[in-house]
Structure formats: C-alpha cells, structure tokens
Amino acid sequence: MGKLVALTGNYAVAYAAKYARVDVIAAYPITPQTSIVEKLAELIESGELDAIMIRVESEHSALAATFGAAVAGARAFTATSSQGLLYMHEFVHWTSRARIPAVMAIVTRALAPPWNIWPDHSDFMDQRDAGWIMGFAMDNQEVFDLTLQAFKISEDPRVYLPVMIGLEGFILGHTTMLVELPEQEVVDQWLGPRKQEYVIDGKEPLALGNLAWPEDTEEMFMEIQKAMDNAKKVIKEVDEEYGKLFGRKYGGLIQCINCEDAKYFAVSMGAWSGDLIEAVNKLREEGYPIGVIRIRFCRPFPYEDIWEKVKNSKGVIVFDRSISFGAWGPLFTDLLTGLYHYTNNLPIMSNVVAGIGGVNITYNDFAKLLTSFIETIEKGDKPPVFTWYHKR
Amino acid sequence: MIKHEHLSLKYMRREVLPTAFCPGCYNGIVMNALFQAFEELGIYDLRKYVFVSGIGCSSWIPSPYIKADSLHTLHGRAIPVATGVKLANPELEVIVIGGDGDLASIGGNHLLHAARRNMDLVVIMINNLVYGMTRGQAAPTTPKGMVTPTTPYGNPEEPMDVARLIANTNANYVARWCVSQYLFLKNSFKKVLGEIKRGFRFIEVYAPCTTFVIRRENKTPGQKLKELMNTCIGYEKWEKLPAEERTKHIPTGVFREEDKPGFLDNYKQLIARLKR
C-alpha cells in the first residue's frame, strides 16, 4: 500500500519522474509548467532524487539535452507548455524519428497571439504527426500514473518511441488533489533501470542521425508506424500490470463510463472529461442512454477500441479543445476517418469545439449540448457536423 | 492651481494604467529615464518609433504602455523581428526592450549576430538577474551562489556578463548602468537616440528583480538602490580591484562608442558599387 498525499498536477508529474528514478532533467521555465522543474530541482538538491538538472537557455535546448542524455543511456525527462513546445518542435520530431525513449510532460496552454496563459489543447494536439506516443490525463492521480507508465511504455523494445503526457495547465497543473504514491521498491522492481541495445557508452562506435537514402529513410519511418501499432498492445499490458501492482487500472487507450447500454456516446480527452462525466451522470438520472468515451491516448489513436463501443450506437458527439483551422477538431477528424474503416453506415457524428483560449466549460454546458444532440436525433433531425460553442 | 503631470504620461497609453509591474519595480525608473531622454531631445511624438519586445516583465514596457507602435513577439525573437521592421522601412527608429532572459538566454544568438552585423537597432536590456515573470528561476545572468526555485541550494553556474560580451563585437555603442545611476542611463539613451543614430546600440540596465531578488534578500527596493550606489562603479576602477573585490561590484560605464556605418549603410554601399 502506498501513501496518500495532496499534490498539484505539476507536483504529481515531478513525483512520477522521481519514482521512475530519472537520471537527467533538462528544462526551461514557462507558465504553467514551471513548478514541475522547480519541484524536481528541490528533490534533486535535497538529495531525494539522484539526478542531474540542466538549466538550459531555451526549450529547444531542453529537448536537445534530454535527447542527448537519453542517447547516452540515461532515463531522461523534460516538461514544457505552449510556445515552449512549439519552439522545441524540431527536436520533438528528431527524438521520435531517432527512436530514442524519453518522457515529456505537456502542461497544456493556448497558443499566441494574443498572449494567453489559460488552458486548451492547441499546443498538445499540434504535435500529433510527430511520432510520439501521446497520453492525456483527467485528474492528478492519473497524471502521476500515466507519467510513471510512460517510462515503461517508451522503453519497451517493441515501442522505443518517446511519450508525451498532457495535463491542463492550472485546472490540473495548479490544483491540489489527493494522489496515492506507490512504494518505491515495487516501482523499482516493475520498471527497473533503463535498458537499450543502442546507447552511446564508449564501447562500440555508433553513427546516429547521418544521411540515409530515400528507401532506407522510408523504411525507418514505416517501422515507427509499426511501433505505434505495437504500442496499442503495450499500453494495455502496462495498464493491466499497473492495475495489479498498484490497484488502478484505467482501461488502456480509452476509458468508458456508463457505456454498457448506451445508445449515444460523448467522446472527450483531458480534465474537462470530469465535467462531461458529471453531465452524463445527470442525464442518466433523467433517462438519457448516454455514455462517455474518454480518450487516454490519442497517438496511437484508439480506432478499434472506440469502434467496439460505438458500433451499435445512434449518435457520437466529440468534444475537442483544439481546432485544426479550416477543418474541424482533430479528435473528431481522426475518429471519423478511423471509424469509416469499419463501416459504410456510421452513427450520426457531431463535433463540438469549445474551451479554446481557456474559456471555462462547465457540466451545465455539457448537459445542454448533450441534451440538444440527443433530442435532435430522436426527433429525426440531423445535428450540425460542426459547432464552435462559445460563451462569455 | 497649476496641475503638474508626470512627464512620462506624455509617452504612455493612459488607458492601460496602472502598470502590471510589482510595486517598487525598477522598470519604472528605466521608463522614466527613456522618456526624459526623449523630452530633452525635443521628441514628443513617437510615431516614427517602433518598439519590439519578446517575453518577460521588461518586454511589457512597450507593450502596452508606450504610446507608439509596439510589437509583442515570441520569447527571444524580438531582435530578428525588429531587424525585419528596420530593413523593410529604414525610416523607422526601431527600439528593442527586453530582459536578460529574453535577449541573452533564449534569444542569445540573435543578440550576438545583430551586434556582429552592427544592425541599426537600439537594444535596451533590463537585467533583473532572474526569469522574473515565471517567478525568479536562475537565468544565465544569475550570480553564482544565488538561491532561486531552480537552484534551491545556490546557483552552481557562472553568470554571463552581457554588456562586456557585446562590447567585444562590432556594435557601435555598448554601455551598462545600474538603475541607481539614473543620469548616466538617461544620457546614454540620449546618446543613442539623438547622436549615434546608426549601427547596433546596446544598453544594459542592471536592475535586480524587486520581488524575486530584492525581497529574497529581505531588502526594500529603496534600500537596494542605496546599496547599488556603492556596488556599481566605473569599469576602469573595477578592473584595478583585486579579484575577490571584483565579484562584489558591478562594472559600469560606456564600453564602446563609435559612429561607424551600420548594416544599412554598408548594404547601400554594396548596392551602389554593384550598380556601377
């Protein structure tokens, strides 16, 4: 049995990195990520964590140093937000395409201009073509669990891809909740030290990142696509193992709530799923047959798992907290294309983009949107494919 | 009754006041010195001036407070944006205001290359010794041994002396003044706005962060100002000090002063030569 402590989401990230016994942390301050590295600096300098902190001069250097440390065999970690993530984007691709395991926490925040420090998923979702495994937490306990699991997933030889874990700034990042911390010995036995065949350790000369012909290059990237497929299995295995050892199992790539007899599904990702679940509980009391599919991993995208849940449903409404301008919310477009693989007769699908720039969406908003979605379909009408729900 | 108004108000967007700066923040002193320089030069209309800034507390000085065109840009990228503005319309006077974190840390390479090119910009760097806006973490300018949230047991790294570094480039003008040396600071502003009107002109203002440096020392901004009057000395005097004394003092003064052709002059010359 572990111990219960009150932690902010950011501190939960820092403690997960500590429990994973990271060797190197390289980071640059940015709101709302900063308190992760502050906590890690404190843990290192008080002797609780045996690691090296590199106080780099930019986010680009933060991920570069994390990459360098991981190449040299260290368990490496970094964290950032918003513009910082965009600035390191070059190295985001570099790390995954080099197949170097590492873990990065993204405390999500809107993109500028105008300058804005409030949360949405724009920064996180912008990385979805980069070859990273991408997980997103709903509460601080899951922040801890996912971050710790991220090391296990990333370092699995069937995967060898970096993992980023998202959590909303302020909503989770700076809000305190009870988090159960495991026993270090159990974590050590389960995770063990980082092992990888190819690291730079002075034994055998390696040439990493040199020029390759087009065919070789393409084959390397085809391997990443395969690793993403493998990751689906690995994520589920890790979730199972973790559940057995630490008592918390989430369901793999998605978590389904109130799904058993549901005729309608609401799909979401992140902290606002909590408000969505509350709204669905309220609607259930009123007799609406609706369930929530919470996306825990959006890369690899859980098409199969979601299809299994929604294949007999009448309608699916997808809530996106980011937008691909000129198209729709990215979770919606990913899900729509994925489901089309299984059927020519899709359930009615609708996309709501909301909460952009940190606009606060409450369970009342969700309840209103869900009721209107269900009632429109029940009347025999078709709800709009896309709505940008805005309020003041 | 005569109603006196602070001279700075002439140059500020009144509708956005009060400023977001902490009480006692030295940004106000720098703003006053800059505005006084404008006034003494007889410049009352800033429509020919463009202020460019990145991210950090001092980057807020032009945006939104100065009543002129202001471009609030990405962290570290004020100098390349300013370079673009200046080259697109050389008639404009382009002034960058930023902090040590913005200009010397994440934007450090732009600072070096703009100085190397002798780019026709005025760059005012307010060195508050930390990343102030994110609550005072260690920056490349943080003194060795200083306690910050990312160096809770003292900074193990040596700081960067930005003014003396830039003084070793091709820049036309390089000076550093402590915020306590108001008249020197104002005169430096007058020099780069009224006299040396081309090339790279860099002024570092040593102004420790009120909240995350001075308060951690259990001092008030006023007490710190008095202390700086003794800490900050002319660099010629500083160079004669024994090594252990040097670390206790800040060398200030004008490190470089020339009026050689800037980037634009050299570029125009090249075009003229090739047209012949």
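A residue is called buried here when its relative accessible area is under 20%, exposed when that area is over 50%, and partly exposed in between. The model to which this is applied is a predicted one. By that cut-off B:V179 counts as buried, because its relative accessibility is 2%. B:V179 sits in the loop between β7 (173-178) and α7 (182-195) of chain B, and, once its neighbours within four places in sequence are left aside, it is in contact with B:Y26, B:I29, B:V30, B:V205, B:Y206, B:A207, B:L225 and B:L228. B:I66, by contrast, is 20 Å from B:V179 in space, C-alpha to C-alpha, and 113 residues from it in sequence.

In chain A, a picture of burial over a whole element is given by strand β7 (residues 163-168), where six of the six residues are buried. In a regular strand the side chains alternate between the two faces of the sheet. In β7(A), A:V163, A:I165 and A:L167 belong to one side and A:M164, A:G166 and A:E168 to the other, and both faces are covered. Strand β5 (residues 103-108) of chain A pairs with β7(A) in the parallel sense over six bridges, and in this pairing A:V107 stands opposite A:L167. Strand β6 (residues 133-136) of chain A also runs parallel to β7(A), joined to it by four bridges, with A:G135 standing opposite A:I165.

The loops of chain A hold several backbone features that deserve attention when the model is inspected. The peptide bond from A:A112 to A:P113 is cis, with omega near -5 degrees, and A:P113 is found in the loop between β5 and α6 (122-125) of chain A. A cis peptide bond also leads from A:R299 to A:P300, again with omega near -5 degrees; A:P300 lies in the loop between β12 (297-299) and α11 of chain A. A:F170, a residue other than glycine, has a positive phi, near 65 degrees, and is placed in the loop between β7 and β8 of chain A. With a relative accessible area of 27%, A:F170 is partly exposed. A:N258 likewise has a positive phi, near 60 degrees, without being glycine, and its place is the loop between β9 and β10 (264-268) of chain A. A:N258 counts as partly exposed, because its relative accessibility is 24%.

Side chains of opposite charge can pair when their charged atoms come close. Over all chains, a search of the whole structure finds 44 salt bridges. One of them joins A:R158 to A:D156, with the closest N and O atoms 2.9 Å apart; A:R158 is partly exposed at a relative accessible area of 32%, whereas A:D156 counts as buried at 13%. A:E180 and A:R248 meet in another salt bridge, at 3.6 Å from N to O. This pair links distant parts of the chain, since A:E180 is in strand β8 (residues 176-181) of chain A and A:R248 is in the loop between α9 (214-246) and β9 (254-257) of chain A, 68 residues apart. Both A:E180 and A:R248 are buried.

A:K236 forms a salt bridge with A:D305, the closest N and O atoms being 3.2 Å apart. Because A:K236 lies in helix α9 of chain A and A:D305 in helix α11 (residues 303-310) of chain A, the pair ties together parts that are 69 residues apart in sequence. A:K236 is partly exposed at 34% relative accessible area, while A:D305 counts as buried at 14%. In chain B, salt bridges that share partners make one network of B:D161, B:R164, B:R176, B:E204 and B:E239.

Where the two chains meet, the contact takes 21 residues from chain B and 18 residues from chain A. The area buried between them is about 1,600 Å², and carbon and sulfur atoms give 58% of it. On the side of chain B, B:I106, B:T150 and B:Y153 lose the most area to chain A, together 28% of what that side buries. The rule finds one salt bridge across this interface: A:R55 pairs with B:E157, the closest N and O atoms being 3.7 Å apart. Two or more residues each are given to the side of chain B that touches chain A by α4 (100-106) and β6 (137-138) of chain B, and α4(B) gives the most, with three residues. That side of chain B divides into nine nonpolar, ten polar and two charged residues.

Methods. Residues numbered from 1 in each chain as written. Chains lettered and ligands numbered in written order. Predicted model: local features only at pLDDT ≥ 70, side-chain atom pairs only at ≥ 80, totals over all residues. Heavy atoms only, no water. Contact = heavy atoms within 4.5 Å. Buried area = accessible area lost by both parts, 1.4 Å probe. Salt bridge = Lys/Arg side-chain N within 4 Å of Asp/Glu carboxyl O. Nonpolar A, V, L, I, M, F, W, Y, C, P; charged D, E, K, R; others polar. Buried < 20%, exposed > 50% of the residue type's maximum accessible area, 1.4 Å probe, protein only. Pairing = 2+ DSSP bridges.
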